[in-house]
Amino acid sequence: MSEPQVFERIRDEIGKNDVLLFMKGTPVFPQCGFSAATVDALSQLGVKFHGINILVDPELREGIKEFSQWPTIPQLYVKGEFVGGCDIVREMFETGELEQFMKEKGVSLATAA
Amino acid sequence: MPMQAQDIISLIKEGIPDAEVEIQDLAGDGDHYAATVISAAFTGKSKIQQHQMVYGALGGRMGGVLHALKLTTMAPKP
């Protein structure tokens, strides 16, 4: 099977991180409005997540699009499952679906004080 | 190169013939759009699959010439 080598790295990262966001920039300093909006939704829920900045890694940037069959960044993975991009995550957040989904997946949420 | 809203609508309708498409030019720069797509073809599909169908209709332009398209998809209300 001729699978891009980068897929192995992607699988490894997805396996290591319960909540993983492939994004432009970092969680502290997002470099695209869509990435920022996704970080914001996760932060408001109090979800701890790992962010991978694809801007500094061209191989990963192209690889993740092919891996997920999804043309844009950000991309959210929870417990190995592709959840979606910015629009889906934001919509799920607004309807309360995201909180429900995280709970079902056993992701702990820090309740905001 | 920005895309015209009309071109986006045509492409989506070509790929999903029964789709009702509404486009908003968010920034007025021909580069940041919001689209709402309603189609019976979405029935029973997950959000991810629905969005993938629209991206498929756009044939690789998404993330390329089309930088920003905020997407909302739904099946028609019964």
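**Fold, packing and chain contact of a predicted two-chain model**

Gln69(A) is found in the loop between H3 and E3 of chain A, where helices (H or I, at least four residues) and strands (E, at least two) are DSSP runs numbered from the N terminus. Although Gln69(A) is not a glycine, its phi is positive, at about 55°. The loop between H3 and strand E3 (75–78) of chain A also holds Pro74(A), and the peptide bond leading from Ile73(A) to Pro74(A) is cis, with omega near 5°. The model is predicted, and local features need pLDDT of at least 70, while side-chain atom pairs count only at pLDDT 80 or more and totals for chains, interfaces and linings use all residues. Residues are numbered from 1 along each chain as its sequence is written, and chains are lettered from A and ligands numbered from 1 in the order in which they are written.

For chain A the mean pLDDT (the predictor's confidence in each residue, from 0 to 100) is 93, and 96% of the residues of this chain reach 70 or more. Within chain A, confidence is highest in strand E1 (residues 19–23), at 98, and lowest in helix H3 (residues 58–68), at a mean of 94.

The sheet of chain A is open and is formed by four strands in the order E2-E1-E3-E4, with mixed pairing, two strands being taken to pair if DSSP finds at least two bridges between them. Strand E2 (50–53) and E4 of chain A stand at the edges of this sheet, each with a single partner strand, so that one side of each is left without a neighbour in the sheet. From one strand to the next, the twist averages 25°; for angles of this kind, axes are lines fitted to C-alpha atoms, for helices over the stretch in contact, and values run from 0 to 180 degrees between N-to-C directions. E1(A) and E2(A) run parallel and are joined by four bridges, and in E2(A) the bridge partner of Leu20(A) is His50(A).

Two helix pairs of chain A are described next. Helix H1 (residues 6–16) of chain A packs with H3(A) at an angle of about 80°, the axes being 9 Å apart, which makes H1(A) roughly perpendicular to H3(A); angles of 65 to 115 degrees count as roughly perpendicular, those under 35 as roughly parallel, those over 145 as roughly antiparallel and the rest as oblique. On the H1(A) side, Val6(A), Phe7(A) and Ile10(A) meet Glu59(A), Leu60(A), Gly63(A), Ile64(A) and Phe67(A) of H3(A), contact being defined by C-beta atoms, placed from the backbone, that lie within 7 Å. The residues of this contact divide into six nonpolar, one polar and one charged, where Ala, Val, Leu, Ile, Met, Phe, Trp, Tyr, Cys and Pro count as nonpolar, Asp, Glu, Lys and Arg as charged, and the others, Gly among them, as polar.

In the second pair, the axes of helix H2 (residues 33–45) of chain A and H4(A) come within 9 Å and cross at roughly 30°, and the two helices are therefore roughly parallel to each other. Phe34(A), Ala37(A), Thr38(A), Ala41(A) and Leu45(A) of H2(A) meet Cys86(A), Val89(A), Arg90(A) and Phe93(A) of H4(A), and this contact comprises seven nonpolar residues, one polar and one charged.

In chain B, three strands form an open sheet of mixed pairing, in the order E1-E2-E3. Strand E1 (20–25) and strand E3 (68–74) of chain B stand at the edges with a single partner strand each, so one side of each lacks a neighbour in the sheet. Strand E2 (residues 32–38) of chain B runs parallel to E3(B), with seven bridges joining the two, and Ala34(B) stands opposite Lys70(B) in E3(B). Helix H1 (residues 5–15) of chain B lies across E1 and E2 of chain B and runs at about 155° to E1(B). H1(B) also packs with helix H2 (residues 47–57) of chain B at about 115°, with axes 8 Å apart; H1(B) and H2(B) are therefore roughly perpendicular to each other.

Between the chains, the contact takes eight residues from chain A and 10 residues from chain B. On the side of chain A that touches chain B, strand E4 (81–84) and helix H4 (86–95) of chain A each supply at least two residues, and by class this side has three nonpolar, three polar and two charged residues.

Terms used:
Contact = placed C-beta atoms within 7 Å.
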